[in-house]
Amino acid sequence: MEMMGAKTKSWVVLSIFLLAANCMQQCVHGNSQAPCMYIFGDSYSENGNNNNRATNAKANYSPYGIDYKQGNNPTGRATNGRIEADFVAERQGLPDIPPYADTDGSDILKGVNYASAAGGIRPETGSQRGDIISLERQIQNHGDIYNRIVRRLGNSKKAEKHLGKCVYYMKIGTNDYYGNYFLPSSPTRRDFTPDQYAADLVRRYSSYLKTLHDNYGARKFLVFTLGHIGCNPFARATYTREGRGCAQQLNDAALLFDRKLKSEVERLNENKLSSKAKFVVVNSETNTGFTDADTPCCPTVRNETCIPNGIPCSNRDEFRFYDGLHGTEKTNRFTAGIVNQGVQRLLT
């Protein structure tokens, strides 16, 4: 009897240990907490929406994708491998999130990526690059996915209940400065002071967030700041005299935007668009852990995107930047860890 009791106790202890280990794994990866993720943004998050569009804002050529899955697989991701959003989805136990342009046969209940390189908050941002997809049009595309989910689940109430559990990953705004305000041919710099422009962007952004909330059942928003947009190789080469140091005017303008965005998110959280609505602001920048944190890994066109079929550096894990703007896969893996902390705050 004592042996049986001891065995029983051992099984109980083992069961508790396994249960705790499983719980820890679930909590770390968020598998049971984030059943879906919908991604809005620009080239930092795009995974192929621009590939077949009439635009030169694309990354569907070598040497992009040199380390993606089987290797030498350019998909439209502006890096050597996976983007930050890929790693965030993985940590939530989600499969690869498909681009909106390629959702046929995909499980759209798990998520869709609407991001478009060169896209911005203002509708005209990036238009000089061709037929890109602004945030407004990305939200319209989400409306299409919403209608498809309604048909799949049977009614809008069920669709909104499902979407209310999903993470809405919103990483956009950089191009509103690179491809609009600080673009020499753009009239916005004549029409707005930096403070007025930041206020206009945040006002528009907030209205788009409210549209997602009011029309499509979105409740959990992960919103990104811009950070030091004047410190990448492209900005230093383009906006400083000798290509050294950071472009302070870009950083100052982005700081105005970030401050106003944080203030607006605080207001949205306090006013409660609905009882379950929640907004979390994330800054996923990093500049540590790299042998080279200042120069592109691949040879670039005008210090921006990789030269087609150019030969990138072999020690890619030692570089922060893959091209003049975008991080390497190692950078994206690291920043995804920062983002995941924001996801956990969002879901608790």
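Lys 272 sits in the loop between α9 (248–271) and β5 (278–282); helices (H or I, at least four residues) and strands (E, at least two) are DSSP runs, numbered from the N terminus. This is a predicted model, in which local features need pLDDT of at least 70 and side-chain atom pairs count only at pLDDT 80 or more, while totals for chains, interfaces and linings use all residues. Residues are numbered from 1 along each chain as its sequence is written, and side-chain values use heavy atoms, with hydrogens and water left out.

Back to the backbone. Most residues other than glycine have a negative phi, and most peptide bonds are trans. Lys 272 is not a glycine, yet its phi is positive. Arg 302, in the loop between β7 (300–301) and β8 (305–306), is not a glycine and has a positive phi too. For accessibility, buried means under 20% relative accessible area, exposed over 50%, and partly exposed in between (1.4 Å probe, protein chains only). By that scheme Lys 272 counts as partly exposed, and Arg 302 is exposed.

| Residue | Phi | Relative accessibility |
|---|---|---|
| Lys 272 | about 55° | 43% |
| Arg 302 | about 55° | 63% |

There is a cis peptide bond to look at as well: it joins Ser 62 and Pro 63, with omega about 15°. Pro 63 lies in the loop between β1 (37–41) and α2.

Now for the helix packing. Two packed helices are described by the angle between their axes and the distance between the axes. Here, axes are lines fitted to C-alpha atoms, for helices over the stretch in contact, and angles run from 0 to 180 degrees between N-to-C directions.

Helix α2 (residues 84–91) packs against helix α10 (residues 329–347) at about 50°, with the axes 8 Å apart. That makes α2 oblique to α10 (angles under 35 degrees count as roughly parallel, over 145 as roughly antiparallel, 65 to 115 as roughly perpendicular and the rest as oblique). In contact terms (heavy atoms within 4.5 Å), Glu 84, Phe 87, Val 88 and Arg 91 of α2 meet α10 residues including Glu 329, Arg 333 and Val 343. By class, this contact has five nonpolar, four polar and four charged residues; Ala, Val, Leu, Ile, Met, Phe, Trp, Tyr, Cys and Pro count as nonpolar, Asp, Glu, Lys and Arg as charged, and the others, Gly among them, as polar.

Helix α3 (residues 135–153) and helix α4 (residues 156–163) cross at roughly 115°, their axes coming within 8 Å. Tyr 146, Ile 149, Val 150 and Leu 153 in α3 meet α4 residues, among them Ala 159 and Leu 163. The contact of α3 with α4 has six nonpolar, two polar and two charged residues.
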